[in-house]
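Here is a short briefing to read alongside the model. Have the sequence and the 3D view open as you go.

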Amino acid sequence: MTPEAIAAVRRSYEGLAAKPQVAPRFYEELFALEPSLRHLFPADVTLLQEHFEASIALAVRSLDDMSALHESLRELGAKHVHWGARPEDYVTAREALIAAIRALSPDWDVKLEHAWRSAVTAVMVPMLEGAAVHTAMAAVRLAAETPDVFPGSPAKL
Ligand code: HEM
């Protein structure tokens, strides 16, 4: 992201008139866009909203050095596999988050939307990478159990 885009996202985040409402609005938008995702989440999402809000705040702070967050985002993405998040759900979640921020931002325009889209994508890509590595490791472990079928795989991991 360009320094200008990072600054625009930070200014926008600071200025969100009703910051504590971003996370609740995100879940509202997410379940409106894709009601079938509701069952993945606990009935009461209050605690999750706090976690989600905290990870967005941390990402906004770290935009100029996302590599510092890569490892923890990859782990978060791997956990999401068990919670049932599919790759296509990330696209839905991105739309929901953009819609939530847009609804709460008085100074929204195309440039700001582009900057936010980049910021959200920068969080999601390492999460999806983490999910992919997690799945690939499961394949490697299974292959190692059956050397007659997969003779080239390492004996033990
Ligand atoms: C920007 C992308 C996302 C971020 C930053 C994010 C962040 C988080 C965080 C911080 C938690 C709580 C982790 C914990 O309690 O240890 C969580 C839980 C969860 N997330 Fe996400 N998430 C994202 C995308 C998604 C997507 C695309 C889905 C798919 C529907 C999803 C579904 C869930 C579920 C089901 C839980 C756990 C609910 C439970 O505790 O049972 N998340 N997420």
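How far does a polar side-chain atom of Lys 79 lie from an oxygen atom of the ligand? The distance is 3.5 Å, with a polar contact being a pair of N or O atoms within 3.5 Å; within protein, one must be able to donate a hydrogen and the other to accept it, and residues adjacent in sequence count only if both atoms are side-chain atoms. Please bear in mind that this is a predicted model, where local features need pLDDT of at least 70 and side-chain atom pairs count only at pLDDT 80 or more, while totals for chains, interfaces and linings use all residues. Residues are numbered from 1 along each chain as its sequence is written, and side-chain values use heavy atoms, leaving out hydrogens and water.

**Around the ligand**

- The ligand has 18 residues around it, and Phe 41, His 51, His 80, Trp 83 and Ala 85 come nearest (near means that a heavy atom of the residue lies within 4 Å).
- His 51 places a polar side-chain atom 2.9 Å from an oxygen atom of the ligand.
- His 80 has a polar side-chain atom 2.9 Å from a nitrogen atom of the ligand.

**His 80 and the iron**

- The iron atom of the ligand has His 80 (NE2) as its only protein donor, at 2.0 Å (donors are N, O and S atoms within 2.8 Å of the metal, or 3.2 Å for Na, K and Ca; water is not among the atoms, so sites may look incomplete).
- His 80 belongs to helix H4 (residues 67-82); helices are DSSP runs (H or I) of at least four residues, numbered from the N terminus.
- Its side chain also reaches the backbone oxygen of Leu 76, at 2.7 Å.
- Leaving aside residues up to four places away in sequence, His 80 touches Ala 85, Tyr 90 and Met 127 (contact means heavy atoms within 4.5 Å).

**Helix packing**

- Helix H1 (residues 3-15) packs against helix H6 (residues 110-145) at about 95°, with the axes 9 Å apart; axes are lines fitted to C-alpha atoms over the stretch in contact, and angles run from 0 to 180 degrees between N-to-C directions.
- That angle makes H1 roughly perpendicular to H6 (65 to 115 degrees).
- On the H1 side, Ala 5, Ala 8, Val 9, Ser 12 and Tyr 13 meet Leu 112, Ala 115, Trp 116 and Ala 119 of H6.
- Helix H2 (residues 22-33) and helix H3 (residues 46-62) cross at roughly 110°, their axes coming within 8 Å, and are therefore roughly perpendicular to each other.

Technical notes
Helix = DSSP H or I, 4+ residues; strand = E, 2+ residues; numbered from the N terminus. Parallel < 35°, antiparallel > 145°, perpendicular 65-115°, else oblique.
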